[in-house]
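Visitor: Please take one residue of this model and look closely at its surroundings. Then place it within the rest of the chain.

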Amino acid sequence: MKSKDLQAVFHGLDVGEIKWDEPLSKHTTWKIGGPADILVTPRKVEHLQLLAKTCNQNGIPWYVIGRGSNLLVRDGGIRGVVIKLADNFSEISVTDDRQVIAQAGRSYVSAANTAIRNGLEGLEFATGIPGTVGGAVMMNAGAHGGETKDVLLRADIVEKDGTIQTLHNQDLQFAYRYSILKDHPRIVVRATFQLRQGNTEEMQEKVRAWKKRRQTTQPLQLPNCGSVFRNPEGTHAGYLIEQSGLKGKTIGGAQISDLHANFIVNVNKATASDVLALIELVQTIIQKNFGMTLIPEVRIVGEG
Ligand SMILES: Cc1cc2nc3c(=O)[nH]c(=O)nc-3n(C[C@H](O)[C@H](O)[C@H](O)COP(=O)(O)OP(=O)(O)OC[C@H]3O[C@@H](n4cnc5c(N)ncnc54)[C@H](O)[C@@H]3O)c2cc1C
């Protein structure tokens, strides 16, 4: 759809804040990514329902993002509508029966800290995952032996036609860094986590130790996207990359981190093409050295 037609469809539509030709490099932790035709930041569920319905009726493609902490947006950007659910969509509540109910844009770290402060155990693993609750449900994000699937009770989603559905844990077909939403994208609007009674101080101590470890093993001072590749069965992608002597390898402004070989860091105005070239190089060398195919964990989207 031409930009002129998009303007006609979106003129006066009550769906939240609308930005045109918005560089997505402003919305990803890698600080990389071409423009979205339209970036919408809705403030309420009704905005999302109207957005979904409007896109559906007019054949306009849409893509949801959270904090962009697992996204490589190609340099040509994303056509159609990008819907951002982050601080604009971040209410949270704690119930007497040990549930944390969070809107999809809530930071996962903050949802986990709310649980800990309330003496609820189960979400501590999320304190080092810098995405949103919605992104975590979609990705089945996990760390330190815990995964979203272990604590998620249900997620409310907006369907393509704008209706709301509740999906229970088993409906999401979780697997390692996978949910059914990867194959059938829909918009997560809210998630309910069922937690256990725990001890706040003990949880805080555990979380402090994990944080210290991450600070010494991950290149957190430079723009990055966490682990670039999924771990193959029985081994670690970072180990294979390090064993292949690829730490520090640089293409354009993108570099395989010296600190953690499964991280690619943006050292100097990297483009998506730089990162993609590094990804391809790593895949070729690991295939040659170990006969293994490394599969990206980061979601690669948009036009080249
Ligand atoms: C320093 C660092 C450390 C990290 N450590 C970990 C880790 O330990 N474990 C781990 O699992 N991940 C880790 N990650 C990756 C990332 O934080 C997670 O994958 C996170 O869940 C992505 O959330 P997001 O909101 O940033 O999603 P985005 O990157 O914005 O999007 C990721 C995917 O989720 C979809 N999505 C986002 N929001 C919604 C929604 N509301 N409804 C439907 N789909 C949605 C997007 O369409 C996209 O396909 C790390 C990243 C960084 C930068």
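Guide: Apart from its neighbours within four places in sequence, Val-207 is in contact with Ile-116, Glu-124 and Thr-127, where a contact means that the two C-beta atoms, placed from the backbone, lie within 7 Å. The model is predicted: local features need pLDDT of at least 70, side-chain atom pairs count only at pLDDT 80 or more, and totals for chains, interfaces and linings use all residues. Residues are numbered from 1 along each chain as its sequence is written.

Val-207 belongs to helix 5, residues 200-217. Helices (H or I, at least four residues) and strands (E, at least two) are DSSP runs numbered from the N terminus. Val-207 is buried because 20 other C-beta atoms lie within 10 Å. The cut-offs are 20 or more such atoms within 10 Å for buried, 12 or fewer for exposed, and partly exposed in between, with C-beta atoms placed from the backbone.

Ile-157 gives a reference point elsewhere in the chain: Val-207 and Ile-157 are 50 residues apart in sequence, and their C-alpha atoms are 30 Å apart in space. The bridge partner of Ile-157 in strand 13 is Val-188. Strand 11 and strand 13 are antiparallel and share six bridges; two strands count as paired if DSSP finds at least two bridges between them.

These strands belong to an open sheet of five strands in the order 6-7-13-11-12, with antiparallel pairing.

Val-100 has Phe-193 as its bridge partner in strand 13, and Gln-99 stands opposite Gln-194. Helix 2 (residues 45-58) packs on the sheet, where it touches strand 11 (152-158) and strand 13, and its direction makes about 135° with that of strand 13. Six of the eight residues of strand 13 are buried, and the strand is mostly covered. Helix 3 (residues 108-117) lies across strand 6 and strand 7, at about 155° to strand 7.

Helix 4 gives the largest share, five residues. In total, 34 residues surround the ligand, the closest being Gly-66, Gly-131, Gly-134, Gly-135 and Gly-226; a residue counts as near if its C-beta atom, placed from the backbone, lies within 6 Å of the molecule. The shell divides into 18 nonpolar, 14 polar and two charged residues.

For the chain as a whole, the secondary structure comes to seven helices and 18 strands. The radius of gyration is 20 Å, close to the 19 Å that the globule rule gives for 304 residues, so the chain is as compact as a globular protein of that length; the radius is taken over C-alpha atoms, and the rule is 2.2 Å times the number of residues to the power 0.38. Buried residues make up 42% of the 304.

Key
Axes fitted to C-alpha atoms, helices over the stretch in contact; angles between N-to-C directions. Nonpolar A, V, L, I, M, F, W, Y, C, P; charged D, E, K, R; others polar.
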